[in-house]
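User: I have a chain open and would like to go through it piece by piece. Can we start with a single residue and work outwards?
Analyst: Fine, here it is.

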Amino acid sequence: MSRPPCIEIPFKKSAETEWVRPLRQYIARVHQEDPDEYNSDCQILQRMRQDMRGAKADETGRDIIFRYYSHLEALERRIRVGEHGVKTVFQWTDTFTGENIQQHSLAFEKANVVFNLAVAFAMQGAKLITDTSSDVDLEAIRSAFACFRVAADRFHFISKNFMHPPSMDLQQETVSALDKVMLAQAQECTLIRAQLEKKKDVTVSKLAQQAALMYSGVFDNVKSIADSHHLPRGWLLLIETKMRYYQAMAQYYEARADNSKDRYGIAIARFSLAEQHAREATKLVGQFAETFFSTTNLTEDLYPESVQGLQDLIASLTASIGEELSRANHDNDIIYNDPVPNTSTLPALEAAVVALHFDINDFYGAERSNVVGGELFTRLIPMAIHEGSSIYSEEKAKMLRAEEDKANLADGELQDALSFMKLPESLRRFDRHQRAGTDSIVAELGEASRAVRDAAHEVQSTERAHSLTDMRATVEAQRVRASDELNQVRRLLDEEQRASESVLSEYASEPLFAGYQPSSRAAAFYREQVAENQKKLDDAAGLDNSILSDYQTVVAPWLAALQNGPDGIASVLIEHFKDADFGDGSGLQPGDSENLVDIGQDQPVGLSGYVQAIQEIYDQLLDLKRVRRSTLSELKAFARDDDISDALVKMSDAKGLQALFERELRKYDNHIQRLQTAASRQGALVKHISEEFRRLLELPQARAINQKWDAAESKKATLESQILEAAQVYSHVRDGLDKANRFYSMMLESLEPFRGQVNEFAVSRAGLREQLIKQAVHESASRNQAMLQERLSHNNHSSSRHQSTHKLTSRQQRSLAICRHSSSTTNPHSRQFVLLTLTTLAI
């Protein structure tokens, strides 16, 4: 089978580019990391570009180009390339003009690489179709079909993503035209395949018609830009030739289909139209064969044999059309006589579109990772990625908070329901009556609550360290000492007051005592201090009495038990319950028992049946709670280890951030569904256990047991309340005694120096009084002596006037000397003696 030629596009050529040095500078400057850590990645990227420059039009070559392009895309998400980033020069040559263009833009590099990638796929597809070294088989046709579609997709990608390219070959008009050329050639592949597989005439007709339409559109596109974009003129001849050829083929196969459907006149008209298109194709292919290889800018890989193949195909089709038309005219003239319509009135042919764009990632599929390899520079995380991760972490936190709130709400609802029914404690009441005796029940009631045991243990430990009795004794002794100190101060002040009043009463007329203050004024400050301290002591004693009153009322009855710790409390509780009656209600009247006729088949029977049923439901509820908590823990761990940095790096559009978050959060749906299922199941079980518990409490035996237990537990609660109150008041009493002890200690510390001050005050007052008395006696003696001398002088004057002389005897002279000596003493008896002597002498 002859093979038509394909339009092949030559590779763009590129100069060498330096990646290593600019990358190292960028990493050190922007990320402030050691560039040596990334030297291997830089070298790998450099080698990939070198390999891309020498890639050939085969599978290995296309994989090399695709690998380099994939790493450029990954690099763009991590590193800024351009004037303000990694500044390197990319130089590419225009395929059609030969112009060299340089830019720093990574987009320019990517566009050129994608162009060469499309060329590699296009040339590989063309080789599979036009290579005459082997027979064309279906597998080769399928591969060529895929290659042309991928090439078309890559050209389409350039037209949509690179708006203002600097070279003609990358402009939108050029790549759009090349996109349509590749799709037309892909459509050709399906047509060749249909012919090889001997498909129905109508199927071949539809495929040929679509090929003709596509080449018609390509012809218009290429013709409009051939000169301005420097496209090869030979392409127009080839495209137009193929267009006419496939128009003829479409009409030919449709005519055959009409002929098989007994539409002989229409078949003849279509054969005629096919013959017209075939003649046009024959004329064009002759021109094409003469000019094609003189056209510049065509690939050297185009096989010359394929041109001859196109001539052979057209000649073969023209001959087949002529034979079929001749036969159809002959049969119609002799046999059918079906009217032949004008070709212009023939209905348009149907077309079958099968050549569509094929995404390159779908082409590689699972092999993509093997072709591309591991990503480079994975440790370089851009700030935008950190910000995206932070936002995603907040989204996860919101989800976790919501689920934890729901779990806490479910736990709370379960706890409320169980607390309302007092489960499992209330259930154990009935179970104990069936399994244990009275002694066991009393022993259980004797087991104090955790709070009571802790309180007893604390009191026991405290008493061992320092008993309350010792503290009371210490405080009492301190208070007595303080009272004694105040009494001693009062005694000193009172003695000083009495001495002062005695002296003042005796020497009130003495001028020296006019400035001597009475004790009431001199000791006023000390009296006030005494009164103030006495008030403090009285107030403290009142507080002590209040504390001791609380002790006697609340603590004393339980102190012995508390001093023995939890064992002491247990002994007291057991003593209170040892005579209690905990019968199981077996003496109920027959009419009080449950009537089996009123019980459904699925309902529990009797007390034990209800207890067992409720216990089973209770266990299920606890299992659900454990499942909920374990699921929530798994969810938290899953979220903690969840890192979408790679997904954020691969995301090309920031607008898709929320969609990415929603997609990533959907992986938690399984855990969330499990939590919802557990919550729903819990609601049903809570309703069920509530109903069963209500029925249990309606049993007469259960009511009797409940009444006894309620009374016992109420009594136990009262006792424990008293014990806890005693422990609390015990602490209060200890605190009060401790404060009293510190208060009395501080008072004693202040009273002892205060007593010394008062003593110094009394001594100084006594010394002052002695001094004043001495002065007063001395002054009195001096005055009396002066009076005596004055009188003696008067008496002598009187005697001389009467001419009588009176001389003192020796005894009188000695008495006067003694009086002078005695007047200098402070002894009251001496003073009286002096006065008596002076009086005698005067007489």
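Analyst: Take Ile-79, which is buried, because its relative accessible area is 2%, under the 20% cut-off. Keep in mind that this is a predicted model.

User: Where does Ile-79 sit?
Analyst: Ile-79 is in the loop between α3 (59–78) and β1 (90–93).

User: And which residues is Ile-79 in contact with, leaving aside its neighbours within four places in sequence?
Analyst: Ile-79 is in contact with Leu-23, Tyr-26, Val-86, Phe-377 and Leu-380.

User: OK, zooming out. How many helices and strands does the chain have?
Analyst: There are 27 helices and two strands.

User: What share of the residues is buried?
Analyst: Of the 843 residues in the chain, 43% are buried. The accessible surface is about 44000 Å², and carbon and sulfur atoms account for 49% of that.

User: What about contacts between residues at least 6 apart in sequence, how many of those join residues at least 24 apart?
Analyst: The figure is 82%.

User: Give me an example from a helix. What is Met-399 in contact with?
Analyst: Apart from neighbours within four places in sequence, Met-399 is in contact with Leu-635, Tyr-668 and Ile-672. Met-399 belongs to helix α13 (residues 383–421). The C-alpha atoms of Met-399 and Ala-639 are 9.7 Å apart, although the two residues are separated by 240 residues along the chain.

User: Is Met-399 buried or exposed?
Analyst: Met-399 is buried, since its relative accessible area is 12%.

User: Now one from another helix. Where is Val-202?
Analyst: Val-202 is in helix α7 (residues 201–225). With a relative accessible area of 28%, Val-202 is partly exposed. Leaving out neighbours within four places in sequence, Val-202 is in contact with Glu-254 and Ala-257. The C-alpha atoms of Val-202 and Glu-254 are 5.7 Å apart, and the two residues are 52 residues apart along the chain.

User: Switching to charges. How many salt bridges are there?
Analyst: The count comes to 48 salt bridges.

User: What does Arg-154 pair with?
Analyst: Arg-154 forms a salt bridge with Asp-153, and their closest N and O atoms are 2.9 Å apart. Arg-154 is buried, at 5% relative accessible area. Asp-153 also counts as buried, at 10%.

User: Which residue does Glu-324 meet in a salt bridge?
Analyst: The side chain of Glu-324 meets that of Arg-327, at 3.3 Å from N to O.

User: Why are Glu-324 and Arg-327 about one helical turn apart?
Analyst: Both are in helix α10 and they are three residues apart, so about one helical turn separates them. An α-helix has 3.6 residues a turn, so residues three or four places apart point the same way. Arg-327 is partly exposed, with a relative accessible area of 43%.

User: Which salt bridge links distant parts of the chain?
Analyst: One is Arg-479 with Asp-544, at 3.0 Å from N to O. Arg-479 is in helix α17 (residues 468–506) and Asp-544 is in helix α19, 65 residues apart. Arg-479 counts as buried at 16% relative accessibility, and Asp-544 is buried at 5%.

User: Which residues are linked in a network of salt bridges?
Analyst: Glu-691, Glu-692, Arg-694, Arg-695 and Glu-698 are linked in one.

User: You mentioned α19. How far does α19 span between its end C-alpha atoms?
Analyst: Helix α19 (residues 524–563) spans only 51 Å, whereas a straight helix of 40 residues would span 58 Å.

User: Where in α19 is there a kink?
Analyst: A kink of about 60° lies at Val-555, shortly before the proline Pro-557. Just after α19, Gly-565 has a positive phi of about 75°.

User: Last topic, the surface. Which residues make a nonpolar patch?
Analyst: Ile-334, Ile-335 and Tyr-336 make one of about 310 Å². Ile-334 is in helix α10 (residues 304–336).

User: Is Ile-334 buried or exposed?
Analyst: Ile-334 is exposed, because its relative accessible area is 55%, over the 50% cut-off.

Note on methods
Residues are numbered from 1 along each chain as its sequence is written. This is a predicted model: local features need pLDDT of at least 70, side-chain atom pairs count only at pLDDT 80 or more; totals for chains, interfaces and linings use all residues. Side-chain values use heavy atoms; hydrogens and water are left out. Helices (H or I, at least four residues) and strands (E, at least two) are DSSP runs, numbered from the N terminus. The expected span of a helix is 1.5 Å times one less than its number of residues. The bend at a residue is the angle between axes fitted to the seven residues ending there and the seven starting there. Patches are made of residues with over 30% relative accessible area and no salt bridge: like charges are joined within 9 Å, nonpolar side chains (Val, Leu, Ile, Met, Phe, Trp, Tyr) within 5 Å. Accessible areas come from the Shrake-Rupley method with a 1.4 Å probe; for residues, only the protein chains shown count as cover. A salt bridge is a side-chain nitrogen of Lys or Arg within 4 Å of a carboxyl oxygen of Asp or Glu. Buried means under 20% relative accessible area, exposed over 50%, partly exposed in between (1.4 Å probe, protein chains only). Contact means heavy atoms within 4.5 Å.
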